[in-house]
Amino acid sequence: MGIAEQKTSPQAAQEAGESSWHGIVLQTLKRNEISLIPYVPDRVLTLLIKNLHADPFFTTFATAREEEAVGIVSGAWMGGRRGAVLMQTSGFATLANVLASLAVPYQIPLIMFVSERGTLGEFNYGQSLVCRTMRPVLDSLALEHHTITRLDELEFIADRSIKQAVTTQAPVALILNPLLTGGKVFDK
């Protein structure tokens, strides 16, 4: 079999019954009792979002802005419920204030899954700028963050990061790189 024939797309792997990145994220959230999932719609996260909506364990809904989703998850934590926010890199650019004034000082274990745009063939210069500033912002706020590029590392990093966030009561960003997700497909 040729090399080209050995490679399978994430969709083909899912159809073949193999683990998909979005299936691993869903199961990891469930295993860690994270049931509230507000998000801002994103094409890369579409399959994860659809699967979360389909699972009665989760309360999943779209928000108008990422700051709104962070506020909802923060309030839920204060009320005894765990949540995670799904967003795209460009949406992260709006979060510095809410992270610095709410999540960090009030020790909210905010779990952020960020689909990474702005790299690996990005056509939108604005996305590229935001991508280059995301990690320095996370570092300046002393927030734990991991860029996940491989399926075989996803479950370990996501599970341990969630456990650490809850135990230390500190936010964490899990950046889902296009090498993992396939990224946004650009139409010609």
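**Exercise 1. Find the side chain that makes a polar contact with Asp55, and describe the surroundings of Asp55.**

Solution. 
Step 1. The side chains of Asp55 and Lys30 are joined by a polar contact of 2.6 Å. A polar contact is a pair of N or O atoms within 3.5 Å; within protein, one must be able to donate a hydrogen and the other to accept it, and residues adjacent in sequence count only if both atoms are side-chain atoms.
The model is predicted: local features need pLDDT of at least 70, side-chain atom pairs count only at pLDDT 80 or more, and totals for chains, interfaces and linings use all residues. Residues are numbered from 1 along each chain as its sequence is written, and side-chain values use heavy atoms, with hydrogens and water left out.
Step 2. Asp55 sits in the loop between helix H4 (46–54) and strand E2 (59–62). Helices (H or I, at least four residues) and strands (E, at least two) are DSSP runs, numbered from the N terminus.
Step 3. The relative accessible area of Asp55 is 14%, so Asp55 is buried. Buried means under 20% relative accessible area, exposed over 50%, and partly exposed in between (1.4 Å probe, protein chains only).
Step 4. With neighbours within four places in sequence left aside, Asp55 is in contact (heavy atoms within 4.5 Å) with Leu26 and Lys30.

**Exercise 2. Determine which residues of H4 are buried and which are exposed.**

Solution. 
Step 1. Leu48, Ile49 and Leu52 of H4 are buried.
Step 2. These residues lie on the same side of H4, because they cover an arc of only 95 degrees around the axis. The arc is that of the directions from the helix axis to the C-beta atoms.
Step 3. An α-helix has 3.6 residues a turn, so residues three or four places apart point the same way.
Step 4. Lys50 and Ala54 are exposed on the other side of H4.
Step 5. The cover over the buried residues of H4 includes helix H3 (21–31), E1, E2 and strand E3 (82–88).

**Exercise 3. Give the strand order of the sheet and name the strands at its edges.**

Solution. 
Step 1. Six strands form an open sheet in the order E2-E1-E3-E4-E6-E5, with parallel pairing. Two strands pair if DSSP finds at least two bridges between them.
Step 2. The edges are E2 and strand E5 (144–148); each has a single partner strand, so one side of each is left without a neighbour in the sheet.
Step 3. From one strand to the next, the twist averages 20 degrees. For such angles, axes are lines fitted to C-alpha atoms, for helices over the stretch in contact, and angles run from 0 to 180 degrees between N-to-C directions.
Step 4. Leu36 stands opposite Thr59 in E2.
Step 5. His145 stands opposite Ala173 in E6.

**Exercise 4. Decide whether E6 is enclosed or open, and explain why.**

Solution. 
Step 1. Five of the five residues of E6 are buried, so E6 is largely enclosed by the rest of the structure.
Step 2. Both faces are covered: Val172, Leu174 and Leu176 are buried on one side, Ala173 and Ile175 on the other.
Step 3. E6 also pairs with E4 in the parallel sense over five bridges. Here Val114 has Ile175 of E6 as its bridge partner.

**Exercise 5. Identify the residues that touch the most other members of the largest nonpolar core.**

Solution. 
Step 1. A nonpolar core is a set of buried Ala, Val, Leu, Ile, Met, Phe, Trp, Tyr and Cys residues joined through side-chain atoms within 4.5 Å.
Step 2. The largest one has 27 residues, of which Leu29, Leu86, Phe113 and Leu154 touch the most other members.
Step 3. Two or more residues each come from H3, E1, H4, E3, strand E4 (111–115), helix H9 (151–168) and strand E6 (172–176).
Step 4. Another core, of 19 residues, lies apart from this one and has Met87, Leu95, Ile108 and Ala173 among its members.

**Exercise 6. Describe Glu33, a residue other than glycine with a positive phi.**

Solution. 
Step 1. Most residues other than glycine have a negative phi.
Step 2. Phi of Glu33 is near 60 degrees.
Step 3. Glu33 is in the loop between H3 and E1, and is exposed, with a relative accessible area of 55%.
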